[in-house]
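Hi,

Here is the model I promised to pass on.

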Amino acid sequence: DTLVGGSCNGMITYYDLRKPNASSGKCLPTESSVIEKSHHDPVSDVFWISSKTGHHCVSVSTDGQMLWWDTRKLDEPTDSLVLTSDVNTRES
């Protein structure tokens, strides 16, 4: 009954398919991430993660970031991880 998607502009969008728009009858986004707090490149994958509330998802982008989201409030990610393929790179 819910759907989350990633866009080419890096934004995450959440839809509640149980709540169609009254005037058009179509499902419009319930929440969308703020572009300044979203990915800087296209989203390549977004998936639901197990949580008590059922409102959490993770997105991955070609910008090298993995972002955690609460779909009830997409103002900013709840957590982030910079992905790297260089196993010798370590932050001090």
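Below is what I found, going from the whole chain down to single residues.

First, the ground rules. This is a predicted model, in which local features need pLDDT of at least 70 and side-chain atom pairs count only at pLDDT 80 or more, while totals for chains, interfaces and linings use all residues. Residues are numbered from 1 along each chain as its sequence is written, and side-chain values use heavy atoms, with hydrogens and water left out.

On confidence, the chain averages a pLDDT of 91, and 92% of the residues score at least 70. (pLDDT is the predictor's confidence in each residue, from 0 to 100.) Confidence is highest in strand S6 (residues 65-70), at a mean of 98, and lowest in strand S1 (residues 2-6), at 94.

Now the overall picture. The chain has 7 strands and 0 helices. Both are DSSP runs numbered from the N terminus: helices are H or I with at least four residues, strands are E with at least two. The C-alpha trace spans about 55 × 30 × 20 Å along its principal axes. Of the 92 residues, 27% count as buried; buried means under 20% relative accessible area, exposed over 50%, and partly exposed in between (1.4 Å probe, protein chains only). Among contacts with a separation of 6 or more, 31% come from residues 24 or more positions apart, where contact means heavy atoms within 4.5 Å.

Next, the sheet. Four strands form an open sheet in the order S4-S5-S6-S7, with antiparallel pairing. Its edge strands are S4 (43-48) and S7 (79-82), each of which pairs on one side only. Neighbouring strands in this sheet are turned by 15° against each other on average, direction ignored; the axes are lines fitted to C-alpha atoms, and angles run from 0 to 180 degrees between N-to-C directions. S4 and S5 (residues 56-61) pair in the antiparallel sense over 5 bridges, and the bridge partner of Phe47 in S5 is Val58. Two strands count as paired if DSSP finds at least two bridges between them.

Asp70 is worth a look in the viewer. Asp70 lies in strand S6 and counts as buried because its relative accessibility is 13%. The side chain of Asp70 makes a polar contact with the side chain of Arg72, at 2.8 Å. (That means a pair of N or O atoms within 3.5 Å; within protein, one must be able to donate a hydrogen and the other to accept it, and residues adjacent in sequence count only if both atoms are side-chain atoms.) Leaving out residues up to four places away in sequence, Asp70 touches His55, His56 and Thr78.

The structure holds 0 disulfides, taking a disulfide as a pair of cysteine sulfur atoms within 2.5 Å. For Cys27, the closest cysteine sulfur is in Cys57, 17 Å away, so a bond is out of reach. For Cys57, the closest one is in Cys8, also 17 Å away and too far for a bond. Cys57 is buried, with a relative accessible area of 0%, whereas Cys27 is partly exposed at 30%.

Last, the start of the chain. Asp1 lies in the segment before S1 and is exposed, at 65% relative accessibility. The C-alpha atoms of Asp1 and Asp16 are separated by 6.2 Å, although these residues are 15 apart along the chain. Asp1 touches Tyr15, Asp16, Leu17 and Arg18, again not counting residues up to four places away in sequence.

Cheers
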